[in-house]
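Work through the exercises below with the sequence and the 3D structure open beside you. Try each task before you read its solution.

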Amino acid sequence: MSKSTPWRALWQLPLLVLALVASLGLAQFALAQADPDREAATAVPALDADAWRQIKSGETGPNYRDSRFDSNYNLINASGETWRQLRERWVSPFGVIVVVGMIVVIAVFYLVVGRKKLDEPLTGRKLLRWSLVVRSLHWTVATLFILLALTGLNLAYGKAVFRPLFGDGFWAAMMSGTKLIHNYLGPLFGVLLVILLLRLLAHNIPRKHDLAWFAKGGGLVGKEHPDAGFANAGEKLWYWLLATAGIAVIASGLVMDFPNYGQVRDTMQWANIIHAVGAFGLTAVALGHIYIGTLGTEGSFEGMASGYVDATWAKEHHNLWYEEVKDQAVPEEQLAESRPTSEGDAPAPRSG
Amino acid sequence: MATMKFMCDAERCIECNGCVTACKNANEVEWGVQRRRVVTLNDGEPSEVSISVACMHCDDAPCIAVCPTETLFQRDDGIVLHDKDLCIGCGYCLYACPFGAPQFPKQNAFGERGKMDKCTFCAGGPAETKEEEYQKYGANRIAEGKLPLCAEMCSTKALLAGDAQEVADIFRQRVVQRGHKDGGWSGNPRADADSLAYDATQQG
């Protein structure tokens, strides 16, 4: 590079200064001309009311950009508020009302009507009602259901009760555990419930006499036991609740449990509402099921515990089924003998 | 007491993403988490406009209302903070938030959420020591008398942070300076009715 180059360019300097001064003058001229209305007319029509409406509606348009990696968010997520209001104003109170309401109803029913006793004495002849496979499935599903219901209720209402009660340290661990149990046992519950439902499908096909059963309130109206096959209409109702609402709860639970399949917030919001409404409802009905199966009816618990029920119980509660299988009744003593070395009082037949 | 607010002047935002970078740098947030984002509407069209979004520290914050563990809470100065010791990663705050502020690190199988992270207005969060606070929540610039770094570093001063009253004053002043009826949001057909600032200029 020769040293003369900068000097040769020097003559351009005054020209540059002149140009700058001229343009500055022009700019001042433009500023002097600044007219609010003209500026408004040429200003970028950026965000008007329609644009905000479009944003709030969730539309993004083809030229929407978000600098966050892998983002599926709109600028404003107006559906969040809808979800919040649904959850806080309707779903949460609904849950308390159905679950607590059911407990109260059951308590009152037990105090007023009391336990349903068998009309006739036990015969000592036993009928096989639930195979080992069904009982194992039932108790596994039942245990999981109770765990999921308790953890679910804790997720919904725990903050009002346990944080003031236990203090932050314990409560933090409790909530972490709650979420882990709920999220990890949920899918297992789903799989096992589907298997159980399939196993029991044949017993739960609705029949004509089920209508009569409902008309008589399952025997509450009048003194007669209404007709019932292997499963009475009440049991069938519980079955079909699980087969519909139960499956909906499981499906919506899976949507929230596995957020890695690209589902967006709106999907998860609705999944949450369906999950909560279905689960609170099922929890309430499950309380009724638990009551009827344990305290409420003499001889019912024995069936799911040992697999066998007394012929009297079968005759009174499931007359149509009793007519079919009464020839297969086994004397109690025989069951006790065939029982393998176990010391418990419940025989454990191995037939699947 | 002051109420702390962010405000992004979309007329000034040039989509440089400096706020995003400043936030990342100030708070050293986890990989995959980006507390602040810049949204551009109508990109490439004449009406293109950009706006920087993070947690807006709502008065009636939906995230606080729906959180099952009371992880989220609001300070007296309006800043919404989160307690990572309580978070269980249920994602409810994410469902409820209008601005997509809560984010979850996804390091586990099946997208299981880790502990929620969101903008703290550079005010840290509950922790025993300063080191723990920085590690969990990032900087606590508010405690040092400084404003959030995103706003401090904004090259066009589009992003403002601070006491809501002062932010509003600055913005109102800008609208007045811009001198036209819809200096807040240009193209607003209701400019005549909406623009108090314009009236102010007319009345001297």
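The exercises go from single chains to the contact between them.

This is a predicted model, in which local features need pLDDT of at least 70 and side-chain atom pairs count only at pLDDT 80 or more, while totals for chains, interfaces and linings use all residues. Residues are numbered from 1 along each chain as its sequence is written, and chains are lettered from A and ligands numbered from 1 in the order in which they are written.

**Exercise 1. The two chains**

Solution. 
Step 1. Helices (H or I, at least four residues) and strands (E, at least two) are DSSP runs, numbered from the N terminus. Chain A has 14 helices and four strands. In chain B there are eight helices and six strands, and along the sequence they follow the pattern β-α-β-β-α-β-β-α-α-α-β-α-α-α.

Step 2. A residue is buried if 20 or more other C-beta atoms lie within 10 Å of its own, exposed if 12 or fewer, and partly exposed in between, with C-beta atoms placed from the backbone. Of the 352 residues in chain A, 25% are buried. Of the 204 residues in chain B, 47% are buried.

Step 3. Two residues are in contact if their C-beta atoms, placed from the backbone, lie within 7 Å. Take the contacts with a separation of 6 or more: in chain A, 73% of them join residues 24 or more positions apart. For chain B the corresponding share is 52%.

**Exercise 2. Strand pairs within a chain**

Solution. 
Step 1. Two strands pair if DSSP finds at least two bridges between them.

Step 2. Strand S2 (residues 125–128) of chain A is joined by two bridges to strand S4 (residues 330–331) of chain A, and the two run antiparallel. Here Lys126(A) has Val330(A) as its bridge partner.

Step 3. S2(A) also pairs with strand S3 (residues 308–310) of chain A, in the antiparallel sense, over three bridges. Leu127(A) has Val309(A) as its bridge partner in S3(A).

Step 4. In chain B, S1(B) pairs with strand S6 (residues 159–163) in the antiparallel sense over five bridges. Cys8(B) has Leu159(B) as its bridge partner. Strand S1 (residues 4–8) of chain B is mostly covered, with four of its five residues buried.

**Exercise 3. A sheet made by both chains**

Task: Which strands form the open sheet with the order S1(A)-S2(B)-S3(B), and how are they joined?

Solution. 
Step 1. The sheet has three strands in that order, with antiparallel pairing. S1 of chain A and strand S3 (49–53) of chain B are the edge strands, each pairing on one side only.

Step 2. Two bridges link S1(A) to strand S2 (residues 37–41) of chain B. Asp66(A) has Val39(B) as its bridge partner.

Step 3. S2(B) and S3(B) are joined by five bridges. Thr40(B) stands opposite Ser50(B).

**Exercise 4. The contact between the chains**

Task: Describe the side of chain A that touches chain B.

Solution. 
Step 1. The contact takes 46 residues from chain A and 49 residues from chain B. Elements of chain A that each supply at least two residues include helix H3 (36–42), strand S1 (65–66) and helix H10 (265–296). H5(A) gives the most, with six residues.

Step 2. Ala, Val, Leu, Ile, Met, Phe, Trp, Tyr, Cys and Pro count as nonpolar, Asp, Glu, Lys and Arg as charged, and the others, Gly among them, as polar. By class, this side of chain A has 22 nonpolar, 11 polar and 13 charged residues.

**Exercise 5. Nonpolar cores**

Task: Name the residues with the most contacts inside the largest nonpolar core, then follow one of them.

Solution. 
Step 1. A nonpolar core is a set of buried Ala, Val, Leu, Ile, Met, Phe, Trp, Tyr and Cys residues joined through C-beta atoms within 7 Å. The largest has 59 residues, and those with the most contacts inside it are Cys63(B), Cys93(B), Ala96(B), Cys150(B) and Leu159(B). Helix H3 (residues 92–96) of chain B gives the most to this core, with five residues.

Step 2. Take Ala96(B). Apart from neighbours within four places in sequence, Ala96(B) is in contact with Gly80(A), Trp83(A), Arg84(A), Pro62(B), Cys63(B) and Val66(B).

Step 3. A second, separate core of 21 residues includes Phe145(A), Leu148(A), Leu196(A) and Phe280(A).
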